[in-house]
Amino acid sequence: MTKDDITGIKELLASKKNIVIVPHKNPDGDAIGSTLGLYHFLLKNNHKVHVIVPNDYPHFLKWIPGEEHIIKYDTNKTDSEALVGQADIIFTLDFNAFHRTGNMAPVLENSKALKIMIDHHQEPDNYATYTYSDVTMSSTCEMVYHFIDKLDLLEQIDKAIATCLYVGIMTDTGSFRFRSTTSKTHRVIAHLIDLGADNNTIHNNVYDTNSHNRLQLLGCALSNLEILPEYRTAYITISQNELNRYDYKKGYTEGIVNYALSLSNIIFAAIFIEDKKEGIIKISLRSKGSFSVNAFSRAHFNGGGHNNAAGGRSEVSLSKTVEKFTSILPTYKKDLNND
Ligand code: 5GP
Ligand code: MN
């Protein structure tokens with residue numbers, strides 16, 4: 001964002017506006033934390049603000065301040081479309097292209113509202129009047145903090161905003177361990193704690209609300225783990241039947257792929273999750289070091305994301321998807337053994 005952009009945004013926000021904030025489909029901690037953090041901040045500045053999410057989000061995020069006001073597009077299309085229609089400004093957070101909002105994409109494409117993007121994914125589309133994109137950032141939540149700083153309004157960050165932003169920085173950095181975590185990230189986190197974020201409670205709320213079923217599903221996933229040492233790769237599959245067996249709820253599979261990546265000498269991990277309702281296999285890819293799962297997913301699985309964390313999808317069966325995955329690996333053998 002240039003100085004002129006910041007001046008432009010300051011002028012824009014100087015008078016009361018109708019504002020809608022939208023994150024990507026299947027919102028995660030960063031998507032919910034950043035939209036709600038910005039929501040509280042804009043409310044404080046006397047705007048009319050609504051957070052509209054494309055669809056539901058996991059139980060472990062259903063305590064974040066302001067969460068009860070979130071509108072879900074898929075179950076409330078009429079209100080959502082009316083609010084988008086009335087909006088002067090739409091903030092799009094934690095995604096880089098409209099299609100990442102699923103069924104909401106045409107609603108956003110057709111909207112005449114001014115768009116402001118805040119996002120840390122690679123290769124952002126160019127739809128926004130103001131694009132604040134920084135792929136070196138740990139999270140969109142960290143960027144919302146810097147966004148507020150650029151407006152010279154850091155002193156407005158209160159406990160609610162600090163809590164929201166803490167959640168997304170924590171979840172997108174794997175609790176401050178991924179490479180994207182910088183000393184700057186830690187300074188932001190330290191400041192958020194000073195401003196009222198209760199770090200211990202936040203960790204408990206997000207990570208220690210497992211159900212017995214969720215842990216059983218994790219056990220099942222781990223017993224499906226396959227290791228391909230010659231490619232320093234490990235992958236996990238979960239079928240729809242297995243999800244049903246453990247009464248799958250949104251969020252149950254979050255983070256499971258990291259167990260595959262935690263194996264000694266493994267630098268590339270994948271999880272393939274069958275979704276019969278959508279007719280797809282949902283893929284999460286993770287890596288360590290220079291192997292880019294963003295490039296891999298863009299090339300083979302219709303997805304993208306970051307260098308070390310990306311998502312994708314496949315429209316063939318679970319076994320055919322795994323077959324495709326393992327058949328591609330020889331092409332990358334050198335890259336995978338480089339680090
Ligand atoms: P996850 O595996 O947790 O679904 O996604 C990992 C990261 O990649 C997240 O930052 C997510 O937003 C991003 N991501 C997931 N799926 C896609 C996709 O289809 N396209 C792009 N560009 N990013 C994705
Ligand atoms: Mn993010």
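Helices (H or I, at least four residues) and strands (E, at least two) are DSSP runs, numbered from the N terminus. The views come from a predicted model, where local features need pLDDT of at least 70 and side-chain atom pairs count only at pLDDT 80 or more. Residues are numbered from 1 along each chain as its sequence is written, and side-chain values use heavy atoms, with hydrogens and water left out.

**View 1. Tyr248 in the loop between helix H10 (240-245) and helix H11 (257-261).** Leaving aside residues up to four places away in sequence, Tyr248 touches Leu217, Leu243 and Thr253 (contact means heavy atoms within 4.5 Å). Leu217 is 31 residues from Tyr248 along the chain, and their C-alpha atoms are separated by 8.1 Å.

**View 2. The two faces of helix H13 (residues 318-328).** Here Leu318, Thr321, Val322, Phe325 and Ile328 are buried. Seen down the axis of H13, these buried residues line one face, because they fall within an arc of 130° (taken from the directions from the helix axis to the C-beta atoms). Turned away from that side are the exposed Ser319, Glu323 and Ser327. Look for the cover over the buried residues: it includes strand S8 (233-238) and helix H12 (293-300).

**View 3. Where helix H6 (residues 159-172) meets helix H8 (residues 199-207).** In H6, Thr163, Tyr166, Val167, Met170 and Thr171 meet Asn199, Ile202, His203, Val206 and Tyr207 of H8.

Conventions
Chains are lettered from A and ligands numbered from 1 in the order in which they are written. Buried means under 20% relative accessible area, exposed over 50%, partly exposed in between (1.4 Å probe, protein chains only). Axes are lines fitted to C-alpha atoms, for helices over the stretch in contact, and angles run from 0 to 180 degrees between N-to-C directions.
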